[in-house]
Amino acid sequence: MQVKHINAVEAKKLVDGGALLVDIREVNEYLGENIPAARNAPLSGIAGTPIAGAPAVVFHCKSGARTRMNAAALAACTDAEVYILDGGIEAWKAAGFPVKRG
């Protein structure tokens, strides 16, 4: 399955349209700061964990490096269209979109 890289504006449009946003950072990172619509599924435990229930899945981390390096493993978790948020939560914040802290 092809993984598409998108920016924060495109990711927000997809999420607003029903895509599932998945934060692959570890639980402590997620609890410290997260995108309110994001579901936490840490990369350390995601292998073999099916992600279902949406026509598209947007994966993100802090800066985009973890999602980029693990794109194939992330795509294998779902049959949905797969997107990676380039720049991660940092790009989301830079675009002016809300985050929840602590």
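**Terms and values**

Author: R66 has a relative accessible area of 25% and so counts as partly exposed, since buried means under 20%, exposed over 50%, and partly exposed in between (1.4 Å probe, protein chains only). This is a predicted model, in which local features need pLDDT of at least 70 and side-chain atom pairs count only at pLDDT 80 or more, while totals for chains, interfaces and linings use all residues. Residues are numbered from 1 along each chain as its sequence is written, and side-chain values use heavy atoms, with hydrogens and water left out.

Reader: What makes the contact of E29 with R66 a salt bridge?

Author: A salt bridge requires a side-chain nitrogen of Lys or Arg within 4 Å of a carboxyl oxygen of Asp or Glu, and the closest N and O atoms of E29 and R66 are 2.8 Å apart, so the pair qualifies. E29 lies in helix α2 and R66 in helix α4, so the pair ties together parts that are 37 residues apart in sequence; helices here are DSSP runs (H or I, at least four residues), and strands are runs of E (at least two), numbered from the N terminus.

Reader: Why is D23 called buried?

Author: D23 has 0% relative accessibility, which is under 20%, and therefore counts as buried. Its salt-bridge partner R25, at 2.7 Å from N to O, is also buried, with a relative accessible area of 4%.

Reader: How do you know that β5 and β6 pair?

Author: Two strands pair if DSSP finds at least two bridges between them, and four bridges join β5 to β6, so these parallel strands meet the rule.
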